[in-house]
Amino acid sequence: ARAILANIEKVIDGKPEAAEAALVVFLAEGHLLIEDVPGVGKTVLAKALARSVSCSVRRIQFTPDLLPSDITGVSVYNQADREFEFKPGAVFANIVIGDEINRASPKTQSALLEAMEERQVTVDGTTYELGSPFTVVATQNPYEMEGTYALPEAQRDRFMARISMGYPSPVAELEMVQGRDTSNPFDGLEPVASIEDAQSMIAAARSTFVSPAVEQYAVNITQATRVDSELRLGASPRATLQLVRAAKARAAVQGRDFVLPDDIDALVPVVLPHRLIPMRGVVGAEDVVQRIVAETPVPAGAVQPS
């Protein structure tokens with residue numbers, strides 16, 4: 001995990017939190033949504049993660065004229081064999097980079113729903129299993145920008161986490177200008193983990209211990225979003241499952257074999273807000289989530305395995 005993070009940080013200057021979030025989502029077998037203004041490194045982060053692991057990678061550039069079959073695949077009639085032959089689409093890869101996902105039509109966006117949740121694709125009545133690991137790393141621009149389509153609630157809920165890159169610090173931006181004027185940082189970026197390494201890391205993250213007290217803590221937070229007066233739509237049960245799964249991966253990345261309440265606290269701001277819909281007049285879900293976490297009692301029981 002440290003080797004992958006160090007590899008990502010070779011091309012992402014001054015954003016260790018974003019690099020760790022991307023790795024945590026990958027090891028938790030989730031999907032990552034990176035939302036921010038153009039030019040701050042969203043696609044660079046996705047490509048850096050993909051380049052750091054020796055596995056299959058496909059990139060999809062979402063545009064208004066992109067078709068669902070471009071993503072899932074299409075059946076083509078083979079005249080020699082006199083039968084239809086399935087041509088896999090771009091979704092058949094271990095890491096799928098969806099660039100500017102909210103520039104495609106809602107019909108095309110929905111082509112990813114089955115793949116992201118069930119890790120399979122159904123075309124012309126036939127179901128095709130996707131490989132393991134499978135992660136979608138999608139980027140999108142803020143909704144108020146021209147030419148964007150807001151992701152529907154069902155699509156947002158399938159993303160384990162949503163992060164923002166933010167602008168780099170003046171020091172990091174100066175280093176970027178000085179270092180990338182004559183060279184491409186991806187030229188020397190080599191994989192530091194094989195697909196077998198990734199599968200072992202995923203298995204280790206999945207086996208991380210979570211005490212009943214910490215599980216109840218996660219449930220209490222998501223339950224609170226469903227009854228909060230400032231939220232019209234609270235977190236789904238899928239959100240609870242993914243919050244705990246991401247906490248296990250974060251603990252493993254940090255070298256622990258058990259989850260702390262701090263892992264839940266650190267991940268709530270990236271796992272929950274994009275799934276919530278505030279009441280009219282409420283500025284944003286992030287502040288509501290922060291208040292809910294502050295009001296939820298932290299478990300006092302044992303969190304380590306006995």
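This is a predicted model: local features need pLDDT of at least 70, side-chain atom pairs count only at pLDDT 80 or more; totals for chains, interfaces and linings use all residues.

Strand E1, residues 32-35, pairs with E9 in the parallel sense, and four bridges link them. E9 has another partner too: strand E6, which covers residues 95-99, runs parallel to E9 and is joined to it by four bridges. There, Ile 95 stands opposite Thr 135 in E9.

Now look at E9 itself, which spans residues 135-140. The strand is mostly covered, with six of its six residues buried. In general, the side chains of a regular strand alternate between the two faces of the sheet. You can follow this residue by residue in E9: Thr 135, Val 137 and Thr 139 point one way, while Val 136, Ala 138 and Gln 140 point the other way. Both sets are buried.

A search of the whole structure finds three aromatic pairs. One of them joins Tyr 77 and Phe 84: the ring centres are 5.3 Å apart and the planes meet at 65 degrees, so this pair is edge-to-face. Tyr 77 is partly exposed, at 40% relative accessibility, whereas Phe 84 is exposed, at 61%.

Phe 86 and Phe 92 make another pair, with centres 5.8 Å apart and planes at 65 degrees, so these rings are edge-to-face as well. Phe 86 is buried, with a relative accessible area of 16%, and Phe 92 is partly exposed at 24%. Why do these two get separate labels? Phe 86 is buried because its 16% falls under the 20% cut-off, while the 24% of Phe 92 lies between that limit and 50%, so Phe 92 counts as partly exposed. Together with Tyr 128, Phe 86 and Phe 92 form one aromatic cluster.

So, to return to your strand: E9 has E1 as a parallel partner and E6 as another, and its six residues are buried.

Technical notes
Residues are numbered from 1 along each chain as its sequence is written. Side-chain values use heavy atoms; hydrogens and water are left out. Rings of Phe, Tyr and Trp (its six-membered ring) pair if their centres lie within 6.5 Å; planes under 30 degrees apart count as stacked, over 60 as edge-to-face and the rest as tilted. Buried means under 20% relative accessible area, exposed over 50%, partly exposed in between (1.4 Å probe, protein chains only). Helices (H or I, at least four residues) and strands (E, at least two) are DSSP runs, numbered from the N terminus. Two strands pair if DSSP finds at least two bridges between them.
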